[in-house]
Amino acid sequence: MAANPNSKTADGKHADLQKDIVDVHSKQHMTTDHGVKVSNPDQWLRVVDEKKTGPSLLEDQIAREKIMRFDHERIPERVVHARGTGAFGKFKLYESAEDVTTAGVLTDTSRETPLFLRFSTVQGSKGSADTVRDVRGFAIKMYTAEGNWDIVGNNIPVFFIQDSIKFPDVIHAVKPEPHNEVPQAQSAHNNFWDFQYLHSEVTHMNQWIMSDRAIPRSFRMMQGFGVNTYSLINKAGKRHFVKFHFTPELGVHSLVWDEALKIAGQDPDFHRKDLMEAIEAGKFPRWKFGLQLIPEEKADSFEFDPLDATKVWPEELVPIRYIGELELNRNIDEFFPQTEQVAFCTSHIVPGIDFSDDPLLQGRNFSYFDTQISRLGPNWEELPINRPVCPYMSLVNRDGQGRHRITKGKVNYWPNRFEANPPATQEQGGFVSYPQKTQGAKKRALSDKFKEHFNQAQVFYNSLSPVEKMHVAKAFSFELDHCDDPIVYKRMTERLAAIDLDLAKKVAANVGGETPVKALKENKGIKAKGLSQLEFMPEKPIIATRRIAILLADGFDYNQYTTMKDVLTKHDAFVFTIGAQRQGVTAESGQKVVPDHFFNGVRSTLFDAVFVPGGKHIQALLSNGVAKHWISESFSHLKAIAGINEAVPFIERQIGLSEVEVAKSGSPLKESYGVVTGHGDAVSLLKVGKVGP
Ligand code: HDD
């Protein structure tokens, strides 16, 4: 029973959801849940005397229903990845992968597959802040014409542990400590780092999470990875092992730690608002989709085991083949039934795709299915956001709490005398598992190559730019400084000597560990492609969807303000006017502008760049501490700052130039450390900043 039989179009899921969507703005009267119109939802039925006092009646079915529904509004939050936000979109293939798979979604270039993507953080509760240091979830549900395909990935290509039986341990260790439920949404505590030391397999992953990858600027500016190794099976029945990659069109960008900390308080919804803002403005985020493929017979030819999720497949050895594109283009209608009730399973695959013996994936295939039952009940796959858009029916899987579907017919078993609801052959699209040959002893063991834990961690660190390396050292120092048990920070700093002696020395000095004198593993300086995020910049620098603030007080130069605003908007930046007061600010030439915010309502941390036009308003800005702080804080966060004429000495003073230097500077237009200043008009300034019309 398909809501939209034409699931070749990207709006297939949108059409499917329509029958479940009601609009509160449709002027329809309020009813009880059984459909009776309500006349007074504001007062409980009571027995009242002449003073209108008296007891409330249990009889009031309308009040009881309202309170009962409220009492049960919450469901258990996800045990990990509780904080998240989602959006709809589409997947489009531009090159068929039919040489390696029969999956329609990866071979039919004429289709657009609708999808839902949920981004998340791992550690914190549902109400925690967006910008904490953490892995970001990147979970995709593709509503394909052959059933739902879920890629439940992260923005980091490797994972902490190798065997899924360790998942409860690593999560217990990172979550708030059991005796006091502290800290929230942070890994900076004794238990997490104790665990990290005791499991050297996490060493690679903890290089990634201490890098800038764990504090992204935006969900739209991070990579997505399937992480686990899956299989693709082609028409001839041949298997390739595969890893899935999503690379953002906007490049990979991060916050700096000080910004991340401040935004967590100033706007805890920063990332979810950023995503919604871009989609709402029609600036749809896009990712290139790629495959890394290893033919089954080559799987043993690497120094690492391709089934080990703590290892990447170096691009030098296994290049990424980009074959498609993912776009997010529609915001949700309501959070709970869509983002909260969406439920992903690594076991949701479609014909042409199969599992591998990756021991992490094998355990995940049990865990996701299981967790949805306690979160949403046994009929969770029937929920509108989770149900497929292609025809689906099983006469056996039925009943249970919360069943919606009505399955007509006299039989509920297979085979049956009517041959009702028959299975499909492989030719008819039936899923047939890859006939992998296996034999062996029943044992709790992993292949020997899983035992090597440091090589790739070292290559990751070596491949970072000096600035990224500095951030890693600072991140380890921040985290271990929050550990007050000496055994924890001393052992962890010692462990860092297995990555890089210089890194270990810096961190030890900051956090109070013993300064190591000898590397625990020689660092030969080997580097690899695709690890430093600086490699993922857009081909041409762009300002599209960047948030740019223009600071104004009474007396600003109107011409400079409008010229700059128009040009930035033309280049798809999101421009915000920040004024001394939201009632309005008046230009030197008399025009009135109503700002989007006043100085104290928002902070520089929430913007990527700032422009200050010239004019008499500089006097007012100079006597406003918040406006001054805006410039110095922007500078300390390495943001682009621009100013013209009277704004030049104002900016120069805030970024730390002395009175003498300010007096000496002046006429020529210049760009230095991202600060663009000069005298003239806004157009010439834009040329210096290379944004010009
Ligand atoms: Fe997991 C949620 C990603 C290992 C067990 N995981 C969850 C989500 C993401 C990931 C993105 C949020 C999905 C959503 O938005 O609803 N998890 C990963 C990745 C892993 C990984 C990339 C390593 C490759 N996870 C992993 C293991 C186990 C789990 C080894 C258990 C054995 N994960 C879960 C879970 C969650 C979950 C407990 C909580 C909510 C949910 O599944 O639906 O079952």
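Let us begin with the ligand. In this predicted model, 26 residues surround the ligand, and the closest are Arg78, His81, Gly137, Phe167 and Ser367. By class, this shell is made up of 12 nonpolar, 11 polar and three charged residues.

Which elements each supply at least two residues of the shell around the ligand? They are strand 2, residues 112-121; strand 3, residues 136-144; strand 4, residues 147-154; and helix 9, residues 359-376. Among these contributors, helix 9 gives the most, with six residues.

The UniProt record, in an unreviewed entry, lists Tyr368 under "binding site". Is tyrosine 368 buried or partly exposed? A residue counts as buried if 20 or more other C-beta atoms lie within 10 Å of its own, and as exposed if 12 or fewer do. Tyrosine 368 has 18 other C-beta atoms within 10 Å, and is therefore partly exposed. Its contacts, leaving aside the neighbours within four places in sequence, are Val152, Phe344, Cys345, Thr346 and Ser347.

I now turn to strand 1, which covers residues 83-93. Of its 11 residues, 10 are buried, so the strand is largely enclosed by the rest of the structure. Which strands does it pair with? One partner is strand 2: the two run antiparallel and are joined over 10 bridges. Within that pairing, threonine 85 stands opposite phenylalanine 119 of strand 2. Another partner is strand 9, residues 321-331, which is also antiparallel to strand 1 and is joined to it by seven bridges. Here phenylalanine 88 has arginine 330 of strand 9 as its bridge partner. As a general point for reading such strands, the side chains of a regular strand alternate between the two faces of the sheet.

Just after helix 7 comes glycine 282, which takes a positive phi of about 80°.

Note on methods
Residues numbered from 1 in each chain as written. Predicted model: local features only at pLDDT ≥ 70, side-chain atom pairs only at ≥ 80, totals over all residues. Near = placed C-beta within 6 Å. Helix = DSSP H or I, 4+ residues; strand = E, 2+ residues; numbered from the N terminus. Nonpolar A, V, L, I, M, F, W, Y, C, P; charged D, E, K, R; others polar. UniProt positions renumbered as here; feature names shortened; annotations may be inferred. Contact = placed C-beta atoms within 7 Å. Pairing = 2+ DSSP bridges.
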